[in-house]
Amino acid sequence: MPQHEPSTLLSTVEIIHWLALAFMALVYTIRLFWLFSFRGTKDRQPPGNLKQSTPMKGAIYSLGNVAMPWAMESTRRGWLFYLSFVIFHLGVVAGISLAFLSSLDRSLLEIPAVSTVMMVMLGAAFAVGVGRIIRRIVTPYLRLISSPDDYFSVILLTVWFLVGVFAQAYIAGKLDNEMFLVVYLLNTSFFLVYVPFSKISHYLYYPFARFWIGRTLGHRGSFPYSRG
Amino acid sequence: MSVQVKSHKVKVMEELLAKKLTRQVVASLVGCVHCGMCHESCHYVLTNPDDPTYTPSYKADQLRKIFKANHDWTGRVFPWWVKASTPMTDDDLEALKDIAFGKCTNCRRCTFNCPMGVDTATLNRITRGLLSAVGVMPEGVRVVSKDQWEIGNQMGVLKEDYLDTLEWMSEELEDELGHDRAAIPVDKKGAKVVYAINPREVKYDPRTIKNAALIFYAAGEDWTMTTEGWDQTNFGLFSGDDQLGGICGKRVYEKVAEIGAERLVISECGHGFRSTRCEAPNWAGVDVGFIMESSVITMLRYVKEGRIKVDKTRNSRRVTFHDSCNNARSCGFYEEPRELLRLVATDFQEMYPNRAENYCCTGGGGAMSMSEYTPRRLKSAKLKADQIAATGAEVVVTSCHNCVDGLNDLIKHYGLKCEVKQLVDLVAEALVLEEPVVEEKPAPIEVVEPAARPAEKAAALAGRRILVVDDEEDVRTFLTAVLEDAGATILPAKDGDEALAVAMREKPDIITLDLSMPGKDGVEAFVEFRKSPETENIPICIVTGHPEFRKVIYDRPVPPPEGYMDKPVQEEKLVDNLRRILELKDRKG
Ligand code: SF4
Ligand code: SF4
């Protein structure tokens with residue numbers, strides 16, 4: 001049983017949130033059309049090494065790469081960064097779930113175990129976010145390549161995680177101020193509208209980039225790759 | 001306040017960029033999150049830890065910025081927010097050239113380490129292509145590309161020199177085998193195999209052609225080389241010029257089709273193999289109807305099918321293998337060279353990391369032709385030098401001519417005690433021929449061609465008058481002793497002025513010329529020799545401790561030298577090279 005009845009303010013913010021989502025979906029669709037408006041490529045050369053790989057094998061390997069930290073030297077050596085990547089992105093999953101469930105089925109978020117998991121995930125992601133902001137500011141090569149959008153995006157998400165912790169605490173009845181959820185949903189709405197114009201939209205392109213490079217290199221036999 | 005106007009070149013580049021954008025390229029342009037995961041995968045970064053401009057995403061961002069400013073909505077509306085911008089002046093393009101050509105070898109190591117699947121190497125190649133299209137490129141790349149466009153091969157080898165070299169190699173084989181059945185066939189219609197090579201083999205390393213011919217002969221192959229379309233290398237890959245890339249590929253494909261061969265065998269050259277086998281069909285928009293394979297695969301097949309017999313104990317020194325970036329990361333060519341190496345050598349030691357994770361030899365991406373970046377290249381080569389040293393190998397084997405040059409350079413620079421060979425050399429060395437060979441033992445393969453036997457040695461240069469030009473007395477004495485032992489008469493000179501005076505007076509048969517000398521240096525003297533009607537026909541072999549001057553010499557608006565050797569020279573190699581040059585000259589009359 002919900003501990004709080006949504007106020008008019010909260011209901012309005014929820015509507016804004018759904019509108020923001022619809023906006024994001026629309027812009028994303030346009031973005032995908034835009035991506036596909038560019039010329040596709042064909043590998044005319046015969047397969048490189050069928051014993052070793054095929055385009056499909058390469059593409060699947062490439063897509064699965066995110067879950068194989070041992071595959072790339074960068075994630076193998078930078079396992080701490082990989083771990084932080086996992087935590088950060090689990091935080092994103094938790095944050096999005098929180099935003100939707102808070103209006104679709106808030107009772108789920110009121111289950112103590114779920115609430116605790118959500119707060120831990122969001123809290124951990126917040127900590128990682130802070131670490132990422134510091135890393136971006138203090139590391140010379142990251143400073144060199146970073147744009148205002150890079151800083152803003154990571155700050156936006158880090159703040160979002162923090163507000164998410166409070167919003168979840170409010171839903172779980174540990175805090176008694178609806179404004180936490182209102183701010184959270186407004187933050188989410190802004191996030192949804194901003195994402196397609198920022199680098200956060202990488203997750204839209206990411207599967208395509210990975211699929212295509214995997215397909216190309218799979219055709220040549222160099223993906224999945226061998227190392228020693 | 002003056003408004004800055006984009007230069008014409010910049011406008012042309014922007015128009016061209018639109019044509020180069022494919023879905024895959026755009027995905028790489030928009031997919032980077034600037035996470036920095038690729039940073040430490042680059043050999044330049046690892047050897048220049050204090051210079052952030054070597055980080056791969058910074059290099060890719062040079063193109064990304066232009067893309068965002070022209071094609072991305074956020075970049076067009078709020079350019080400062082996403083760092084979108086375009087170069088404005090020709091000076092900006094020069095700065096861009098320094099990054100695209102001078103700070104990246106397009107080795108693709110960062111691509112393999114990017115969690116987002118961003119292909120930084122391809123983006124850098126596109127930047128190079130845009131710059132090349134408006135004539136902004138290192139001089140060496142321009143000269144080599146021009147030769148490939150106009151003469152049909154990247155080293156400007158003339159048809160008669162190429163055919164002379166094949167004939168010379170055939171004669172060498174005849175001397176060794178006692179018959180002419182191993183002679184190199186040229187333009188043999190209906191041959192099953194066409195063998196295409198790197199012009200470097202003609203110019204500097206003809207023993208690789210001879211070794212390949214010996215292997216084809218031993219395997220009983222029905223093969224041929226061709227008078228046209230024999231250069232499998234492709235500077236289009238390095239300059240980013242897809243049109244040149246397509247033309248080079250087509251020249252080879254058309255010749256193979258004309259011969260009617262089933263198979264094109266590509267000699268050991270990483271970028272040549274990648275271009276001819278994997279890229280040029282796409283650049284040229286043609287479907288190739290015959291098999292294309294690396295000579296490594298061919299040799300491995302011969303051994304496995306029992307078509308040739310090898311005795312690995314003939315290669316008993318410790319060897320290690322360097323993966324060419326183009327062969328490995330871009331063509332999936334990981335295991336076959338190792339399999340072959342284990343069959344022809346007894347002591348193979350891997351270097352680490354290897355295969356897809358191997359570091360570039362630092363000579364990739366056309367770097368060997370860009371002498372202005374030599375100090376950077378050699379600095380970044382420290383990593384490779386350490387990798388090699390850790391193996392304790394006496395021989396570094398690689399399947400790439402660029403790598404041979406890159407590795408030789410770094411071996412010299414870092415004082416390593418090893419030499420570089422290709423698999424074709426090791427296979428030829430290990431080859432067991434069913435028939436008796438005239439020579440008592442196989443030719444030592446560390447020399448350009450088989451060393452003259454002692455009796456022949458004294459006669460090798462008998463009666464020849466050689467002008468030896470070097471400012472260092474020790475070197476002059478050494479060269480004089482070696483060449484006199486081979487029967488030559490020596491005319492010494494210690495600088496360019498003296499050399500010119502002696503040459504005018506004495507009309508030597510050949511000149512060995514050092515480049516770096518006080519007073520009139522070797523480059524100036526070389527040009528004057530070539531320009532003077534009295535000396536223009538005297539063959540010149542450059543003998544220098546500065547291999548990076550190669551470009552300077554080959555850029556001169558005069559015919560290139562007949563030979564080019566790096567110091568320290570091996571005695572036999574020197575004698576053999578001079579003998580060969582003189583024989584070719586005699587033949588031409
Ligand atoms: S290229 Fe890939 S690894 Fe490098 S910064 Fe961009 S997203 Fe990260
Ligand atoms: S392609 Fe190679 S040289 Fe270029 S940035 Fe990537 S790792 Fe460095």
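**Exercise 1. Identify the residues closest to ligand 2, and classify the shell around it.**

Step 1. The shell around ligand 2 holds 13 residues, and B:Cys42, B:Lys59, B:Cys104, B:Cys107 and B:Cys110 are the closest. A residue counts as near a molecule if one of its heavy atoms lies within 4 Å of it.

Step 2. Helix 3 (43-47) and helix 4 (56-71) of chain B each give at least two residues to this shell. Helices (H or I, at least four residues) and strands (E, at least two) are DSSP runs, numbered from the N terminus.

Step 3. By class, the shell around ligand 2 has 7 nonpolar, 3 polar and 3 charged residues. Here Ala, Val, Leu, Ile, Met, Phe, Trp, Tyr, Cys and Pro are nonpolar, Asp, Glu, Lys and Arg are charged, and the others, Gly among them, are polar.

A note on conventions: this is a predicted model, in which local features need pLDDT of at least 70 and side-chain atom pairs count only at pLDDT 80 or more, while totals for chains, interfaces and linings use all residues. Residues are numbered from 1 along each chain as its sequence is written, chains are lettered from A and ligands numbered from 1 in the order in which they are written, and side-chain values use heavy atoms, with hydrogens and water left out.

**Exercise 2. Describe the shell around ligand 1 by residue and by class.**

Step 1. Among the residues around ligand 1 are B:Cys32, B:Cys35, B:Cys38 and B:Cys114. The shell also includes B:His34, B:Ser57 and B:Pro115.

Step 2. The shell around ligand 1 comprises 9 nonpolar and 3 polar residues, with no charged residue.

**Exercise 3. Characterise the interface between chain A and chain B.**

Step 1. Contact (heavy atoms within 4.5 Å) involves 63 residues of chain A and 68 residues of chain B.

Step 2. The two chains bury about 5600 Å² between them, with 56% of it on carbon and sulfur atoms. Buried area is the accessible area (1.4 Å probe) that two parts lose on being put together, summed over both.

Step 3. A:Arg44, A:Ile145 and A:Arg220 supply 13% of the area that chain A buries against chain B, more than any other three residues.

**Exercise 4. Determine how domain 2 and domain 3 of chain B meet.**

Step 1. Chain B is divided into domain 1 (8-137), domain 2 (159-304), domain 3 (310-432) and domain 4 (452-588); these bounds come from an automatic or database domain assignment.

Step 2. The contact takes 27 residues from domain 2 of chain B and 29 residues from domain 3 of chain B.

Step 3. About 2500 Å² is buried between these two domains, 67% of it on carbon and sulfur atoms. On the side of domain 2, B:Arg200, B:Glu268 and B:Leu300 lose the most area, together 25% of what that side buries.

**Exercise 5. Locate the two cis peptide bonds described below, and find the residue with a positive phi.**

Step 1. A:Phe223 and A:Pro224 are joined by a cis peptide bond with omega of about 0°. A:Pro224 is placed in the segment after helix 10 of chain A.

Step 2. Another cis peptide bond joins B:Tyr352 and B:Pro353, with omega of about -10°. B:Pro353 belongs to the loop between strand 7 (347-348) and helix 18 (374-380) of chain B.

Step 3. B:Arg355 also lies in the loop between strand 7 and helix 18 of chain B. Although B:Arg355 is not a glycine, its phi is positive, about 50°.
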